[in-house]
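Trainee: I would like to learn how to read a helix and a core from a model. Where do we start?

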Amino acid sequence: MINHSFILKVNKNNLLKNYFFFKKIKKNLIVAPVIKANAYGLGDREIFKLLVLNKCKHFFVATLEEGIRLKNRNKQIKIYILNGIQDNDIIFFIKNKLIPIVNTKDELKLVIKNKIRFGIHIDTGINRLGLKLEDITSSIFSNPYIDIVISHLSSADESKNSYNSIQNNKFSKIAKKFFNNNIIFSLSNSNGSVLSCSYLYNMIRPGIGLYGGTNKNKYFKKNLKPVVTLKGKIIQIKTINKHEYVGYNQTYKTKIKTKIAIIGVGYADGIPRNLSNKGIVYLGKSKFKIIGRISMDSFTINISKSKHNLKVGQFVDLINHNYGIENFADQCNTISNEVITSIGQRAKIIYE
């Protein structure tokens, strides 16, 4: 059995609690988890199976390849492909029971011609994927194969940003004009789902919130549960003398005799280099500072003042349930979405 140096623990119970939190926001609200990018790095197949067992029937991924990976054989479970469809993809959508989200007029012609189930993405102002408002006609909504209409908020994490209302108003006009009991309307991601009831429509599409990310939302901090624990193993311990350098380019110099531990993970595993000489890892309530440059496969911590009898083979926490993905993201000057989707493939995933 391989002894991994990098462990990613996923708390399934807490993930389900987060799923049911979103379910309770509004009666009969469809919650469609976003499990793209390998379920934000946490393992799409396992997360898919877990949620299906808990009666979840709608899922979003980005690419056709991600949809095929899930091997859906249940006709009642719908997997939507956000990046749309290309001409040579038709057979794969049909064979794997996948639903493309149409983003262009050419894609729309393609799905209508081939009579396959589809959704449409309306661009209400983020100016990424999606049909323009002027491209939306009544004929689209009279098509018997349309399942869903979505848009995407650009600033849902900023609750006071007036642009949210501008986008919602545009989407609301479409929803009211073309309302049909057989068509699902969806605007909100995790943060959008708690802006107000007017953003909910038939369906919400939580992503990072499902995995314990709060985006500094106070309501989420009270209600969402932590899901991720990230651990790195000590692969060497040694003592170095005063005025010695640690790591590449001599960015850290010891002032006194110093005991160090080398952790067997690095930027190839998603530990960004900008944590060099400032990042913190944990063992229980003890904190250890990262010293020197983070390299591809390892980084170094100062354990001189440790109250623990640290040994090779022990693990320290980079992320745990007290020091969560938001804290880690803050140190990296990024967002929690980037943190967990950047976790490398060398991590051993343990579901608990």
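Mentor: With a definition: the expected span of a helix is 1.5 Å times one less than its number of residues. Helices (H or I, at least four residues) and strands (E, at least two) are DSSP runs, numbered from the N terminus. This is a predicted model, in which local features need pLDDT of at least 70 and side-chain atom pairs count only at pLDDT 80 or more, while totals for chains, interfaces and linings use all residues. Residues are numbered from 1 along each chain as its sequence is written, and side-chain values use heavy atoms, without hydrogens and water.

Trainee: What span should helix α1 have, and how far apart are its end C-alpha atoms?

Mentor: Helix α1 (residues 12-23) has 12 residues and should therefore span 16 Å; the computed distance is 17 Å, which agrees.

Trainee: Which residues of α1 are buried?

Mentor: Buried means under 20% relative accessible area, with a 1.4 Å probe and protein chains only. In α1 these are Asn14, Leu15, Leu16, Asn18, Tyr19, Phe21 and Phe22. They pack against β1 (6-10), β2 (30-31), α3 (44-53), β9 and α9.

Trainee: And how do I read a core?

Mentor: Nonpolar side chains tend to be buried together in soluble globular proteins. A nonpolar core is a set of buried Ala, Val, Leu, Ile, Met, Phe, Trp, Tyr and Cys residues joined through side-chain atoms within 4.5 Å. Here the largest has 104 residues, and Phe60, Ile120 and Phe299 are among those with the most contacts inside it. Its largest share, five residues, comes from α1.

Trainee: Where is Asn215, whose phi is positive?

Mentor: Asn215, with phi near 50°, is in the loop between β9 (203-204) and α9 (218-223).

Methods: Buried means under 20% relative accessible area, exposed over 50%, partly exposed in between (1.4 Å probe, protein chains only). Contact means heavy atoms within 4.5 Å.
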